[in-house]
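Here's a quick tour for anyone meeting this structure for the first time. Take a look at the picture, and then we'll walk through some details.

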Amino acid sequence: MENNENHEQFFGTPIFSMDKPEWVEKTNKLCQPHLDESHQIIKDKIKKAGTDFGHVYHSGNIMDNPKLKYLVDFIGSTAWNLLDGWGADLSNHTLVYESMWVQEFAKDGGGHHRIHIHENSHISGFYFLENDKASYPLFHDPRQGSAMTSLPELDSRKITPASRTCNVQPEPGHMYMFPSYLPHEYIFSKKGGAFRFIHFNLSAVPLRYFGEGSVE
């Protein structure tokens with residue numbers, strides 16, 4: 001390489017990951033009642049069909065469960081630190097949860113999520129509780145301009161500026177956090193493979209919305 005050459009990358013998408021296996025057993029037990037409610041709601045539908053193929057059991061919001069405060073607070077503080085580290089000025093903002101729920105894929109397989117983003121949020125993520133190699137998240141290049149002019153990849157097994165997608169293979173205890181604009185999906189799950197995780201979205205809201213006369 002010539003001495004006067006400079007190779008840089010701009011407008012990359014950060015993805016944060018860490019392991020919290022010590023919380024898996026406790027969190028699984030606390031989430032079970034929320035999933036039981038989800039199973040109860042559609043039990044007649046599943047019984048009539050004779051299978052739960054393709055279904056995703058989806059709880060309501062769980063961030064207000066006081067027993068999960070350890071997880072809620074940890075994710076909130078980590079999200080704040082990440083946004084700050086990614087260069088955002090949060091001095092006039094506060095970070096709030098938009099949603100947080102637990103879900104598991106059908107025991108008969110076919111559970112999945114189509115490609116999507118999370119509007120009106122700034123940071124999203126997953127905390128995995130069970131995975132019998134049943135499914136995994138697939139992330140897509142968020143650059144619209146790149147999609148219009150993409151070239152064939154020389155080696156799709158490598159992550160390069162030419163990559164269109166990338167995936168992670170989660171184990172119980174793995175946590176991932178990323179900007180909410182990043183498109184992602186979940187691959188069809190295999191039959192009999194346990195797959196359970198918590199999904200969450202947070203937004204940085206201007207403090208002026210919480211001032212006198214504001215509407216929360």
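Let's start with a charged pair: D73 and K69 form a salt bridge, with their closest N and O atoms 2.4 Å apart (a salt bridge is a side-chain nitrogen of Lys or Arg within 4 Å of a carboxyl oxygen of Asp or Glu). Keep in mind that this is a predicted model, where local features need pLDDT of at least 70 and side-chain atom pairs count only at pLDDT 80 or more, while totals for chains, interfaces and linings use all residues. Residues are numbered from 1 along each chain as its sequence is written, and side-chain values use heavy atoms, leaving out hydrogens and water.

**Salt bridges**

- D73 and K69 are separated by about one helical turn, because they sit four residues apart in helix α3 (helices are DSSP runs of H or I with at least four residues, strands are runs of E with at least two, and both are numbered from the N terminus).
- D73 is partly exposed, as its relative accessible area is 38% (buried means under 20%, exposed over 50%, and partly exposed in between, using a 1.4 Å probe and protein chains only).
- In total, the structure holds seven salt bridges.
- Another one joins the side chains of E104 and R196, at 2.9 Å from N to O.
- That pair ties together distant parts of the chain, with E104 in strand β3 and R196 in strand β10, 92 residues apart.
- Both E104 and R196 are buried.
- E171 and K133 also meet through their side chains, at 2.5 Å from N to O.
- Here too, distant parts of the chain are linked: E171 is in the loop between β7 (165-167) and β8, K133 is in the loop between β5 and β6 (137-140), and 38 residues separate them.
- E171 is partly exposed at 30% relative accessible area, whereas K133 counts as exposed at 54%.

**Helix α3 and what comes after**

- Helix α3 covers residues 69-85, and its 17 residues should span 24 Å at 1.5 Å a residue, which agrees with the 24 Å between its end C-alpha atoms (the expected span is 1.5 Å times one less than the number of residues).
- Its buried residues include Y70, L71, V72, F74 and I75.
- The buried residues of α3 pack against several elements, among them α1 (24-41), β3 (93-105) and β10 (195-206).
- After α3 comes G87, which has a positive phi, near 100°.
- A88 lies in the loop between α3 and β3, and counts as partly exposed at 32% relative accessibility.

**Nonpolar cores**

- The largest nonpolar core has 33 residues, and L71, I75, M100, I198 and F200 have the most contacts inside it (such a core is a set of buried Ala, Val, Leu, Ile, Met, Phe, Trp, Tyr and Cys residues joined through side-chain atoms within 4.5 Å).
- Its largest share, eight residues, comes from α3.
- Leaving aside neighbours within four places in sequence, I75 is in contact with Y97, M100, M175, M177, F200 and L202 (contact means heavy atoms within 4.5 Å).
- Another core, of 13 residues, lies apart from it, and F126, Y176, F178 and Y186 are among its members.

**Cysteines**

- How many disulfides does the structure hold? The count is zero (a disulfide is a pair of cysteine sulfur atoms within 2.5 Å).
- C31 is buried, at 0% relative accessible area, while C166 is partly exposed at 24%.
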